[in-house]
Each structure stands twice: as structure tokens, then as C-alpha cells.
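Dear colleague,

I am passing the structure below on to you, and my notes on it follow. Please read them with the model open beside you.

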Amino acid sequence: MKFLKGTKLYSIFTGTCPVCQEESIYKEPNPYKLRSIFKMPERCSNCGTKYKIEPSFFFGAMYVSYAVGIAFAVAAFVISFFFFGTTPLTSFFVIVATLVVFGPIIMRLSRNIWINFFFSYDSAAGKK
């Protein structure tokens, strides 16, 4: 994944600071520890970037979450229905199971995408 360093994709998929891409923006790296899924430091300890630009900043990530959830659901449907030949009802249950199992990952991925709309990589920020 290091070959993507300096791109938004690197920050999105690794969950690192969008400016310096050196440290995780989450206190807990495991998204399945649900008590701390959204806990973030106030600022990046490496470059000082403030993660919450304004109160309720990450509410916008709900819209991104909808699109990411639809992508996961479509992928689950295509795999179950077309590759495994399941019935539409079974495909429905596969979609529900997929969204439940990948829910925490979808939430974090949505936050990562949302914060990367507002910040860009700065190679000088990582050297501070």
C-alpha cells in the first residue's frame, strides 16, 4: 500500500491523517470494538491537523455511508445471485448479512472518504 502514499486513496484505505498520512485518525484500530469505533483524537499528533472542522462535522459522512453501503449490497447480490445461483430471497439475506458484518468497516470507510473531501496531502506536513 506504500506505493499509494501521497494519494487520497492511501488515506482512505489506511485510515491515516489526510494531511501527513503518518498516523491513524482513530484511537482504536479495530473497527469491531464498537464502544470506540468513532473515538478520534482532537488533532493529529504528527502535523497538528484538527480533524473536526466544525461541530457535527462527520454527519456528512452519513451520505457517503449510504453510497458505500449500496456498493457493498450490490456486490453481495451479484456474487450470491450470479456466481452462486441463489434465489432472490436467499440473495436478500446475503445482502442483509453483508451489511451487518461489514457495517463498522462501512462507517469508518465513509468517515475516511468524507474527511478526505476537505483535506489534501502535504508532503511537508509529515516532516514536522
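**Transmembrane spans and selected residues**

The unreviewed UniProt entry places the feature "transmembrane region" at residues 57–83 and 89–107, with positions in the numbering used here, feature names shortened, and annotations that may be inferred rather than shown by experiment. This is a predicted model, in which local features need pLDDT of at least 70 and side-chain atom pairs count only at pLDDT 80 or more, while totals for chains, interfaces and linings use all residues. Residues are numbered from 1 along each chain as its sequence is written, and side-chain values use heavy atoms, with hydrogens and water left out.

Residues 57–83 are 85% helix and 0% strand, and their end C-alpha atoms lie 40 Å apart; for residues 89–107 the values are 95% helix, 0% strand and 26 Å. Helices (H or I, at least four residues) and strands (E, at least two) are DSSP runs, numbered from the N terminus.

Buried means under 20% relative accessible area, exposed over 50%, and partly exposed in between (1.4 Å probe, protein chains only).

Apart from neighbours within four places in sequence, S91 is in contact (heavy atoms within 4.5 Å) with F77, S80, F81 and T86.

T49 sits in the loop between α1 (8–14) and α2 and is buried as well, at 10%; with the neighbours within four places set aside, its contacts are C17, V19, E42, R43, C44 and F119.
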